[in-house]
Each structure stands twice: as structure tokens, then as C-alpha cells.
Amino acid sequence: MLNNTKTIYMDYQATTPVDQRVFDVMAPYFTKHFGNASSSVHSYGWIAEEAVKQAREGVADILGATSPSEIVFTSGATESNNLAILGVARRYPKKGRHLITAATEHKAVLDPCKAWEAEGGSVTYLEVNSEGIISLEQLRKAITPGTILISIMHANNEIGVIQPMAEIGQIARAAGVLFHTDATQSAGKIPFNVEDIPVDLASMSGHKIYGPKGIGVLYVRRRGPRVSLMPLLFGGGHESGRRSGTLNVPGIVGFQAALRLSNQERVQEASRVLKLRNKLWNNLNAQLEGLSLNGSDRHRLPGNLNFCVENLEVSRLFQEIPHIAISSKSACSSDSGTPSHVLTALGRSPEQAQSALRIGIGRFTTEEEVAKVANDLSAAIRKVKETSTQFTP
Ligand SMILES: *Cc1c(COP(=O)(O)O)cnc(C)c1O
């Protein structure tokens, strides 16, 4: 077995550990309270059903939803994004068949959009500026009478860049177009709720907010407008027919606990994480030349760093830092040989995009870890660059 007890984890955009407090809340629902939430004739079922009911009410409350029925539990943000995009597109074909999204979205948004194109629909992929932010003017121009959905992520998983949600929501409302956001990276980290941000659908995932893997939420607005979905999964009619499948009771309980903790501790945690990130970035820049930040500095998640290192052979770097868990690009795409579509959308060349590093700082990152990573990473980068001979970008 591989051992990682000495490896410093700084890849919090890929996933996060389950907070012990979340785990403790979940544990009884694996063993003692294992009932099926749909078993309505005995106490095992009632206990599970009650736990789901309370978790749904809690999530709705934290997100500012008007009704618990606006919360659909899924297997994760990938499913939530698929359900939002294909569920809306397939539900309103008479209104139109055109979707709008952005080039820097997660594959779990881009791929269902491609699937929709294969079904005969059309999709506009908005470009972003060099900071990673879409143009509201281009968004307005892209809307046609046949546009049914705008899907723009709140915060980007690779570069942490935050899009102007309020403005996008206003544009969508004014045009009578539904607005979906992939809020997987923003929920619990920066202010996100569906009262202040006029979204109609929003995707989230447990394992990005110190909760378990395999559980997600899709928020679906019920009033003003009432959003209806064509389901992706058919079966027992769970989640009011929007998502069949036996409910993941421990996951649902854990999601609620994770979202609640993240929101309660958000302000303090964000300021602590931001200080650590700034410290790391300043320290790296003091020791190295030729670093350039990818994406906006100002409109950015507190825990995200993503930068290009001039002329760096990233594969050789990773051999030098087995004790540091950082990422060269999104962990979410399996085609690791190709340059990041997010970085190329910012205007980076494929070579530059291949020399990018993503560092994710989070709840359990310490000052000592930041200091060690700054020093060890700098030394490793210098070593790789000094011994690099034939590599020309
Ligand atoms: C991680 C992530 C996803 C995928 O979430 P899963 O729950 O792992 O399916 C989707 N979008 C963004 C922005 C993410 O960071």
C-alpha cells in the first residue's frame, strides 16, 4: 500500500478530506440507522426518512431556498450539472434549443452541452478575457429568442476565478432565460445563496466542502420561475420524479453537516486561507523568477493558486516532489496529456499551459506546511530548470 502520512496535501480543489465532525454525524446512518428512506411502514424507514427531511430543510435554509422541495439530492456535481443542462434542454424543446455556456467550464458542463449538440441542439461557448472572466456584452449578444438556458460556473476549479453572478442573473432574468450555475467550488467558501444571486439551478458536491464523495445537490427553483426537468434516471420516482434511486442517507446527512459547518466558519476560514495563499505566493516569487499567475488576482477563490513557470518540465518536477500533493491541472479530466482547456482559453499557448501548477489551500493547511512547500517547491523547480537541456517551449 502507498503511504501518504508524510505527504503535504495542497490539492483542495480536487477534493477535500471529510471533516471529523461531518463523519461523526454520518456514522450512525451506515450502521444503526441504515433504513431505506422510502420504507414507510416501519421505524427503520421512518428514521431514515426523518434524517433526509431534516437534511433537506437544512440545505434549503442555508442556500436561501424558499422550499425544501427545491433541493434534489444527486450523486455529485457531475450528475447535478448533467441533470440541469440536459434536464432543462429536453424539457423545453418548444421554447427553444439553444444553450449558452463558457469555454472555461468544468467538463461536467461542457460534455452534456456537447451531448445536447449531438441531439440536434445548439450551444454558444463564450470566450473569457485574459483574467478568465466572461464578457457581459458578449453574453447579451449571444441570447436569441430560442435560448433556454445560460450555464456559467460561479468559481472555476482550475484557476479559482469568480464570475459576475449577479449581473449574469439579471441578464438572464431580463431575457426570460433560465440560469444555471456550477457552484461546486464556491459553496461554503465565498457567499453563495439563491436569494442574493438570481440563479434558477445550482450544482454542488459534498467532497469539495469537507463532506463525503458520491453526494451532490441540484437546487431547482420552484417559483418565479418554476423550473421543470426531464429526469436522467428513471425508476422509483424518488426526489419527486426528478432523480430515481434509493437515497444515500449517510451522504445526505453528511452533505448538510458539511455545508452548515462551511457556512458557519466561512468568513474566518476564508481570511486564514487567503493569508496563507498570499504568503506562499510571495515566498515563491521571492525565490523564483518567471512565475505568472493564471486568472484574475482580485476575483478569485481565497484558497486557489494557479501559475505558469517559464520553461518548466512539469513531469520532471513531480518526480522531485513526491511529498507534496499539488496538481498540474484539473484532476477532473482524465485526458492528462492535453493542455488545460481553461488555460488555453485565457490565451496561454499549449506549451505554457503544460507548465502550469495548481495549488489548493484549505481548512487543514498549516503555516508550517506553507513554509515547507514554498522552500521545497522552489528548490525542486530550480533543480529541474538547471538540469533541463533540450527542452524548448
Ligand atoms: C469537482 C467538480 C465537479 C465534479 O463534481 P463531482 O461531485 O466530483 O462529480 C464539477 N464542477 C466543478 C467546478 C468541480 O470542481
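This short talk walks through a strand, a loop residue beside it, a helix and one more loop position.

Before I start, please keep in mind that this is a predicted model, in which local features need pLDDT of at least 70 and side-chain atom pairs count only at pLDDT 80 or more, while totals for chains, interfaces and linings use all residues. Residues are numbered from 1 along each chain as its sequence is written, and side-chain values use heavy atoms, with hydrogens and water left out.

Let me begin with strand β10, residues 304–309; helices (H or I, at least four residues) and strands (E, at least two) are DSSP runs, numbered from the N terminus. Six of the six residues of β10 are buried, where buried means under 20% relative accessible area, exposed means over 50%, and partly exposed lies in between, with a 1.4 Å probe and protein chains only. Both faces are covered, with N304, N306 and C308 on one side and L305, F307 and V309 on the other.

Which strands pair with β10? Two strands pair if DSSP finds at least two bridges between them, and β9, residues 291–293, pairs with β10 in the antiparallel sense over three bridges, with F307 as the bridge partner of L293. Strand β12, residues 356–360, also pairs with β10 in the antiparallel sense, over five bridges, and here N306 stands opposite R358.

In the loop between β9 and β10 we find N294, which is buried, with a relative accessible area of 0%. Its contacts (heavy atoms within 4.5 Å) include N306, F307 and C308, as well as I159 and A356, not counting residues up to four places away in sequence. The side chain of N294 also makes a polar contact with the side chain of R348, at 2.6 Å; such a contact is a pair of N or O atoms within 3.5 Å, where within protein one must be able to donate a hydrogen and the other to accept it, and residues adjacent in sequence count only if both atoms are side-chain atoms.

Turning to helix α2, residues 43–63, its buried residues, among them G45, A48, V52 and V59, pack against β2 (71–74), β7 (201–205), β8 and α7. Just after α2, G64 takes a positive phi of about 80°.

From C-alpha to C-alpha, G241 and E320 are 51 Å apart in space, and 79 residues separate them in sequence.
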